[in-house]
Amino acid sequence: MKFPFVLGIRARVLLAALLPMTLLAVILAAIFLRDRVNDLYDAHLQKARAMAHQIASGSVYSLFTGNRETLQHLLDEVEREEDVRSVTVIGADSKSITRAGKPSYQHLPKYSNEKIEVLNPATQTLLLAQPIYGSQLVVEDIFSDAATPKLHQLGQLVLELSTEKIVSRERDLLLVGILLSIGGLLFGSLLAIRLSRGVIAPIIEVSGMVERIAQGDLSARVHIDGSGYLRRLEEGLNLMAARIESGQQELQRQIAEATAELRVKKDEAEVAMQAISLAKNELTSIMEANPDMLYVFNMNGKLIKWNSNFEKFCGLTHKQMTNRLVTEFICKSDRSTIIKGVTETFEKGACSIEVRLVRHDGVLVPYLCNCVVLKGANGEAVAFTGTGRDISERKKAEESMLLASMVYQNSGEAIMVTDPDNAIIAVNPAFERVTGYAAAEVIGNNPRMLGSGTHDSYFFQAMWDSIIGNGHWQGELWGRKKSGELYAKFFTINTIPNPDGSVHRYVALFSDITERKKSEELIWQQANFDTLTGLPNRRMFHDRLEQEIKKAHRASLPMALMFLDLDRFKEINDTLGHDMGDILLKEASRRLSSCVRESDTVARLGGDEFGIVLGELDDPGNVERIAQGILRKLADPFQLGIETVYISASIGITLYPEDATGVDSLLKNADQAMYAAKRLGRNRTGYFTPSMQEIAQSRMRLANDLRGALDGKQFHLAYQPIVEFASGAIRKAEALIRWRHPARGLINPMDFIPISEDTGMINDICEWVFHEAAQQAGQWRVTQHSGFQVSINLSPACFQRSEGIHGTWLKHLRKLGLPGQSIAVEITEGLLLDASASVIEQLLALRDMGIQVALDDFGTGYSSLSYLKKFDIDYLKIDQTFVRNLAPASDDLALCQAIIVMAHKLDLKVIAEGVETEAQRVLLAAAGCDYGQGYLFSKAVAAEEFEALLARGAGTE
């Protein structure tokens with residue numbers, strides 16, 4: 001009988017050690033598997049999304065143009081990507097389908113504007129479907145800078161990726177989990193063996209001794225192998241056995257005497273105590289489990305039983321509440337109500353009444369009290385019991401609902417309530433008064449019926465973004481009444497949520513603020529603008545000056561302030577009258593405004609004094625140009641009735657932050673500079689700062705020196721090679737002008753070209769550049785290649801000549817015996833955007849001569865396709881800002897690829913500027929770019945060095 005007992009203990013200990021460790025290992029393995037598998041699928045899904053976005057972006061142009069060949073080529077390239085099983089693009093008509101690879105699905109996903117992501121374990125594939133959007137404006141102009149493109153769905157992309165690698169990875173992870181579980185099982189086994197030797201064996205020994213003593217063998221002793229606590233246990237057990245043996249006879253005698261008596265008394269007491277304890281515990285549990293106050297009072301109205309909630313409410317101890325009258329805890333004015341309730345309880349057996357109980361801090365709290373009669377064994381009433389429930393919140397809610405209803409009906413503001421689908425479900429009387437619509441006319445409709453049509457979709461999108469994100473929106477907008485009248489309203493929308501956070505209702509409050517808006521606008525206009533000229537007055541001028549200073553500080557750009565005073569205006573005003581003087585001031589204001597940008601400020605400070613703020617100047621030198629333009633405009637005659645008068649102006653100029661950073665300092669500086677200009681003879685500008693004066697003087701000296709530069713043969717041309725990517729040959733070069741000043745050395749073209757344009761000398765320079773480039777092109781077409789071409793840069797100012805450029809150029813080319821293809825002209829986008837009839841005529845003339853046209857710096861301006869269709873452009877030059885940071889999968893590479901594809905579709909060649917590294921050349925060549933230009937090949941060099949470059953073989957086949 002001993003062996004099974006020992007075996008049971010060992011088994012239980014082994015299980016106690018093995019099960020936790022095995023369970024822990026399985027849990028850890030499961031967590032590890034779940035996290036790793038989730039990571040794998042998340043990474044695969046992110047890859048699929050990124051790939052889908054890239055394909056969708058690349059498909060936009062093909063879907064616009066209907067070019068199935070380019071689209072198919074794109075899909076074939078994608079299908080070669082790792083894990084891609086198939087890719088399909090469905091056109092907007094749901095019929096035009098372009099596909100690469102073999103899909104595993106039976107049917108294409110239904111054409112819609114929703115994204116679909118489906119993981120199919122059966123086929124081990126991940127299927128993504130998403131719409132492809134494009135801008136309607138892109139149809140007319142892909143690179144339009146329109147601020148508000150309207151998106152339309154052009155098609156749908158279906159991408160199917162294989163998950164076979166992930167399934168294989170899952171198997172590997174499952175093997176890792178199994179190994180972790182086996183490791184936990186082995187560790188638990190080792191622990192169980194250790195427990196068996198060090199703990200179970202002594203326990204078995206002790207249990208054997210106890211069993212022998214229990215069987216009457218008081219001579220039983222125990223022997224435990226070990227030391228320390230185990231040795232002490234052995235000694236204690238053996239000592240205990242010895243004492244038990246010595247006192248056995250005495251104990252047996254005493255037990256024999258008391259056993260019979262104690263057994264009887266014990267049984268009786270236990271039965272009685274159990275019954276009492278059970279009843280007491282049940283009653284206490286019932287009373288304490290009740291969330292309400294529970295009480296019992298006798299026929300005399302005194303408390304005999306209550307729960308802890310009643311004690312807490314009264315703030316008394318159990319002893320203090322004993323035998324208290326129930327009426328002591330009831331408001332005096334409500335005691336008659338409790339008496340009636342007791343009477344009703346006698347009659348009906350139960351009652352329910354509302355009374356106010358006095359809380360321990362003296363506050364009256366409304367309670368709903370329920371009471372029933374307790375009857376004795378003979379059916380007589382012996383006590384009353386009941387519950388009391390706090391109804392404070394219910395009372396507040398009832399009062400709040402009543403108050404809300406009164407406010408809703410009597411509010412001066414219009415109130416509109418809509419459901420989660422934004423359908424109107426209730427309006428108040430004020431709504432009917434403001435809008436003119438009766439409640440029956442709007443309930444069930446969308447609030448759009450109240451719209452004015454003056455706000456665009458972006459306004460309402462921003463409004464709903466705020467409502468969804470913050471739960472409310474507030475602002476001003478325009479509405480339309482039932483009569484058709486427009487009115488301004490201050491609108492507030494709040495969201496009422498359900499307990500789960502979803503939308504329950506939208507509540508909108510608004511009021512008609514039309515008259516207030518009109519008054520505010522009139523007051524603001526009178527306070528900030530001059531009534532005669534309509535220009536900002538001194539107050540508005542100071543405010544805008546402060547704002548421009550802040551903007552200039554943030555942008556780290558300079559800002560100019562001008563004070564302008566009309567010379568001899570007082571004489572005209574005195575001789576011709578104030579009416580004529582007012583006409584002159586109005587016309588002068590108009591001319592001043594035409595000389596500056598819309599973002600600049602022109603203000604009338606008083607009398608004939610004006611202030612001008614030129615903000616955020618990229619080039620401080622523009623200040624002088626603007627000032628001279630103002631002087632020229634004001635120098636034109638003024639027609640005042642039958643009189644023709646002439647005036648001039650004195651202009652004072654100061655610059656932020658070189659001169660000052662504060663408003664007052666700048667105003668004082670400009671005023672002093674203006675009076676200095678008057679002292680110097682009027683009709684001129686005066687600079688406050690020596691630095692600005694030096695710039696103006698430097699420009700003047702440079703302009704004077706420029707006049708003799710051509711005659712002094714100070715100009716020369718440098719040539720930069722343009723390399724054909726396909727062959728590596730040099731068949732083109734760009735001619736760049738250089739000015740070597742006899743005293744100042746080499747001067748940057750950016751410094752003297754603008755001056756030559758302002759002074760009109762640019763025309764002579766353009767002619768000189770053309771003649772030099774044509775002569776050099778003729779030499780290289782003989783010595784290098786018969787199709788060699790030299791390109792020259794043309795300033796927009798060269799197209800403004802009345803006689804044009806094509807006549808003299810054609811004669812010169814014929815004189816040299818050169819065809820038009822020997823020369824290419826490079827123009828900027830700005831020339832084409834505002835091309836006049838003269839410019840168009842000259843461009844067409846160049847085309848007729850055979851001279852090719854290259855569009856320089858493409859992508860940095862407006863990049864509009866309209867002028868590519870309108871004018872005969874032969875080359876697009878990608879600006880170096882896009883080439884500088886070229887890298888695989890970069891945005892710049894994507895832009896370059898888009899420009900190249902677009903240009904080739906329009907039969908244009910592409911030249912990339914700024915190619916400085918071999919990596920850039922490789923990426924551009926792979927993208928299909930035709931030509932490259934940059935320091936990788938050569939900087940701009942003199943003609944002799946250029947010929948040496950060609951002689952080294954770079955330019956010959």
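I began with Glu548, which I found in helix α15, residues 538–555 (helices are DSSP runs of H or I with at least four residues, strands are runs of E with at least two, and both are numbered from the N terminus). This is a predicted model, in which local features need pLDDT of at least 70 and side-chain atom pairs count only at pLDDT 80 or more, while totals for chains, interfaces and linings use all residues. Residues are numbered from 1 along each chain as its sequence is written, and side-chain values use heavy atoms, with hydrogens and water left out.

Is Glu548 buried or exposed? I noted a relative accessible area of 9%, so Glu548 is buried (under 20%, with exposed over 50% and partly exposed in between, for a 1.4 Å probe and protein chains only). Leaving aside neighbours within four places in sequence, I found Glu548 in contact with Met559, Ser599, Val613 and Gly615 (heavy atoms within 4.5 Å).

I then turned to an open sheet of five strands, ordered β12-β11-β15-β14-β13 with antiparallel pairing (two strands pair if DSSP finds at least two bridges between them). β12 (424–427) and β13 (472–480) are at the edges with a single partner strand each, so one side of each has no neighbour in the sheet.

I followed β13 to its pairing with β14 (residues 486–497), which is antiparallel over nine bridges, and saw that Gln474 stands opposite Thr492 in β14.

Last, I noted that helix α13 (residues 457–470) lies across β13, β14 and β15 (503–512), at about 150° to β13 (axes are lines fitted to C-alpha atoms, for helices over the stretch in contact, and angles run from 0 to 180 degrees between N-to-C directions).
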